[in-house]
There are 2 protein chains.
Amino acid sequence: MTNLITQKDISSLLIDNTEKVFSVMLGMQVSPGEAVQHQSIERADGNVVSLVGFVGDWVGTGSVCCNSDMACRISSRMLMAEYTAVNEEVLDAVGEITNMIIGNFKDSAEPLLGPLGLSTPTVIYGRNVRARNLNGQLWTTVPFDCEGGLVEVKICLGPCQGPNKNSNTGVLVAES
Amino acid sequence: MTNLITQKDISSLLIDNTEKVFSVMLGMQVSPGEAVQHQSIERADGNVVSLVGFVGDWVGTGSVCCNSDMACRISSRMLMAEYTAVNEEVLDAVGEITNMIIGNFKDSAEPLLGPLGLSTPTVIYGRNVRARNLNGQLWTTVPFDCEGGLVEVKICLGPCQGPNKNSNTGVLVAES
């Protein structure tokens with residue numbers, strides 16, 4: 001990582017924006033734990049992992065992870081209805097929260113990193129889910145205690161290798 | 001979807017680029033089946049789902065899905081070593097193949113859609129994995145028979161809602 005943005009900047013922006021979104025959108029208080037770095041997202045207890053990509057001079061991915069119970073609690077607060085099992089509305093609610101947190105993170109990071117675009121969130125639901133970035137690019141994770149449950153917010157971010165706007169792949173495949 | 005790109009264009013570009021990447025990079029032949037559209041990726045037999053985001057005037061996600069056995073076969077061909085279980089090298093190999101296929105798709109789609117940037121692939125491994133895009137945005141899927149196994153290549157794509165470059169979120173969260 002270059003000195004444009006430090007690990008501390010990333011965790012500080014994640015904490016700030018996660019606290020705001022949970023407070024304003026859900027009326028829920030969160031308490032950040034210590035930020036950590038690791039290669040893979042591992043969710044042994046199952047369950048909901050949302051992912052959204054960034055693109056600009058820097059590229060990467062943002063993620064929100066929690067178990068089914070916390071996903072239902074977030075959805076119940078957001079949609080003002082009771083959810084006890086993960087369904088499509090719950091997956092969409094987690095996707096929306098991700099869009100807000102990572103979108104606000106992106107806006108806050110742009111003064112440091114230049115303009116960034118955000119892709120659409122994809123929300124994964126499964127058992128023993130593991131998520132690895134290509135070549136083991138590190139995730140910076142901030143764990144939050146949210147009314148007794150755990151929500152993890154993650155970013156991986158690095159300078160774009162090569163001219164993304166024209167060709168990101170660096171792979172020449174012969175035209176037929 | 002506007003008339004800039006049709007479902008048929010998408011499946012045709014996916015077929016063309018998947019055939020090329022499998023042939024050139026892996027020396028493997030693939031036969032496309034009929035393209036389908038659906039809301040969720042469902043992988044009951046487990047296993048490997050890679051995702052990479054697009055950003056531009058259009059935004060979306062590309063994905064390559066296969067079971068563990070096929071992921072190992074792809075990796076064995078790519079890395080010229082034998083893989084019998086999914087490990088980090090296998091996840092990276094599937095991520096690289098995704099980067100190539102979706103990167104080439106992006107290059108081919110840019111004349112229709114304008115410049116697109118690609119985020120870094122994230123590769124998911126788990127049981128009963130389900131992947132849903134926010135608000136149920138449809139995936140266009142082309143299934144490929146690859147030497148007796150199944151590889152699915154997927155795209156979801158839609159016009160960017162709002163000024164992505166400045167703020168994608170459309171969410172106002174009060175500054176503290």
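How exposed is Glu147(B), given its relative accessibility? Glu147(B) counts as partly exposed because its relative accessibility is 41%, where buried means under 20% relative accessible area, exposed over 50% and partly exposed in between (1.4 Å probe, protein chains only). This is a predicted model, in which local features need pLDDT of at least 70, side-chain atom pairs count only at pLDDT 80 or more, and totals for chains, interfaces and linings use all residues. Residues are numbered from 1 along each chain as its sequence is written, chains are lettered from A and ligands numbered from 1 in the order in which they are written, and side-chain values use heavy atoms, with hydrogens and water left out.

**Chain A overall**

- Chain A has three helices and nine strands; helices (H or I, at least four residues) and strands (E, at least two) are DSSP runs, numbered from the N terminus.
- The order of elements in chain A, from the N terminus on, is α-β-β-β-β-β-α-α-β-β-β-β.
- Chain A holds 176 residues, and 59% of them are buried.
- Of the contacts in chain A with a separation of 6 or more, 70% are between residues 24 or more positions apart; a contact means heavy atoms within 4.5 Å.

**Strand β8 of chain A and its partners**

- Strand β8 (residues 139-146) of chain A is mostly covered, with six of its eight residues buried.
- β8(A) runs antiparallel to strand β1 (residues 30-32) of chain A, and three bridges join them; two strands pair if DSSP finds at least two bridges between them.
- Val30(A) is opposite Cys146(A) of β8(A).
- Strand β2 (residues 36-38) of chain A is also antiparallel to β8(A), with three bridges, and Gln37(A) is opposite Thr140(A).
- Seven bridges connect β8(A) with strand β9 (residues 149-159) of chain A, again antiparallel.
- Cys146(A) has Gly149(A) as its bridge partner in β9(A).
- A hairpin is formed by β8(A) and β9(A), with two residues between them, and Glu147(A) in its turn has a positive phi of about 50°.

**The interface of chain A and chain B**

- Chain A gives 60 residues to the contact, and chain B gives 60 residues.
- About 5000 Å² is buried between chain A and chain B, and carbon and sulfur atoms give 51% of that area; buried area is the accessible area (1.4 Å probe) that two parts lose on being put together, summed over both.
- There are 15 residue pairs in polar contact between chain A and chain B, with both residues at pLDDT 80 or more; a polar contact is a pair of N or O atoms within 3.5 Å, where within protein one must be able to donate a hydrogen and the other to accept it, and residues adjacent in sequence count only if both atoms are side-chain atoms.
- Six salt bridges are found across the interface, each a side-chain nitrogen of Lys or Arg within 4 Å of a carboxyl oxygen of Asp or Glu.
- Glu88(A) and Arg130(B) form a salt bridge, with their closest N and O atoms 3.4 Å apart.
- The elements giving two or more residues to the side of chain A that touches chain B include α1 (7-26), α3 (88-113) and β7 (122-133) of chain A.
- β7(A) runs antiparallel to strand β7 (residues 122-133) of chain B, and nine bridges join the two.
- Arg130(B) in β7(B) is the bridge partner of Tyr125(A).

**Positive phi values**

- Asn128(A), in strand β7 of chain A, has a positive phi near 50° although this residue is not glycine.
- Asn128(A) counts as partly exposed because its relative accessibility is 37%.
- Glu147(B), in the loop between β8 (139-146) and β9 (149-159) of chain B, also has a positive phi near 50°.
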